[in-house]
Amino acid sequence: SKEQRIVAGKALYNTTCFACHQANGQGLPNVFPPLAKSDYLMEDINRAISGVIFGQTGEMTVNGKTYNSVMTPQTLDDEGIANVLTFVLNSWGNEHAMITPQKVAEVRAEGPLDNALGKQQD
């Protein structure tokens, strides 16, 4: 269920994501963008999933502020990514449907999206 994914995702977040994005999802000013009420995150869920799988680099604008840092690919399986993103997408003012491992697998099969590490930008 969505609630089970949120609980499992919170545990993963607290061991994998919190150092950069902080326990409250606010990120580190001018270094790592916030996940809380993040327009960038909520705007394109496939891009969010891709960022976790493949990593992300380059400029991005989140809630009106520009960030230019690196997020390394996370070594989580599809279940873990589904859980952590379901948690993030339903915390700190964010509201979204549950992310499934099948959705993560689809994005993984499509390959990196914009701002992925190692991907040529147009």
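Which backbone oxygen does the side chain of Ser69 reach? In this predicted model, that oxygen belongs to Val31, at 2.9 Å. The pair is a polar contact, meaning N or O atoms within 3.5 Å; within protein, one must be able to donate a hydrogen and the other to accept it, and residues adjacent in sequence count only if both atoms are side-chain atoms. Before going on, some ground rules: residues are numbered from 1 along each chain as its sequence is written, and side-chain values use heavy atoms, with hydrogens and water left out. Because the model is predicted, local features need pLDDT of at least 70 and side-chain atom pairs count only at pLDDT 80 or more, while totals for chains, interfaces and linings use all residues.

How far can the model be trusted? The score to look at is pLDDT, the predictor's confidence in each residue, from 0 to 100. The protein averages 91, and 93% of the residues score at least 70. Helices (H or I, at least four residues) and strands (E, at least two) are DSSP runs, numbered from the N terminus. Over residues 118-122 the pLDDT stays under 50, and the model has six contacts for them beyond four places in sequence. A contact here means heavy atoms within 4.5 Å.

Back to Ser69, which sits in strand β2. Strand β2 (residues 65-71) pairs with β1 (residues 56-62) in the antiparallel sense, over seven bridges; two strands pair if DSSP finds at least two bridges between them. Across from Ser69 stands Gly58. Gly58 is also among the contacts of Ser69, along with Val31, Phe32, Gln56 and Thr57, leaving aside neighbours within four places in sequence. The hairpin has two residues between its strands, and Asn63 takes a positive phi near 50° there.

Next comes helix α4 (residues 45-54), which is largely enclosed by the rest of the structure because nine of its ten residues are buried. Buried means under 20% relative accessible area, exposed over 50%, and partly exposed in between (1.4 Å probe, protein chains only). The buried residues, including Ile45, Arg47 and Phe54, pack against α3 (39-43), β1, β2, α5 and α6 (101-110). Just after the helix, Gly55 takes a positive phi of about 85°.

How do α4 and α6 meet? Their axes come within 9 Å and cross at roughly 70°; axes are lines fitted to C-alpha atoms, for helices over the stretch in contact, and angles run from 0 to 180 degrees between N-to-C directions. The two helices are therefore roughly perpendicular to each other. That label covers 65 to 115 degrees, while under 35 is roughly parallel, over 145 roughly antiparallel and the rest oblique. On the α4 side, Asn46, Ile49, Ser50, Ile53 and Phe54 meet Lys103, Val104, Val107, Arg108 and Glu110 in α6.

The side chain of Arg108 makes a polar contact with that of Asp78 (2.7 Å). The C-alpha atoms of Arg108 and Asn46 are 9.6 Å apart, though 62 residues separate them along the chain.
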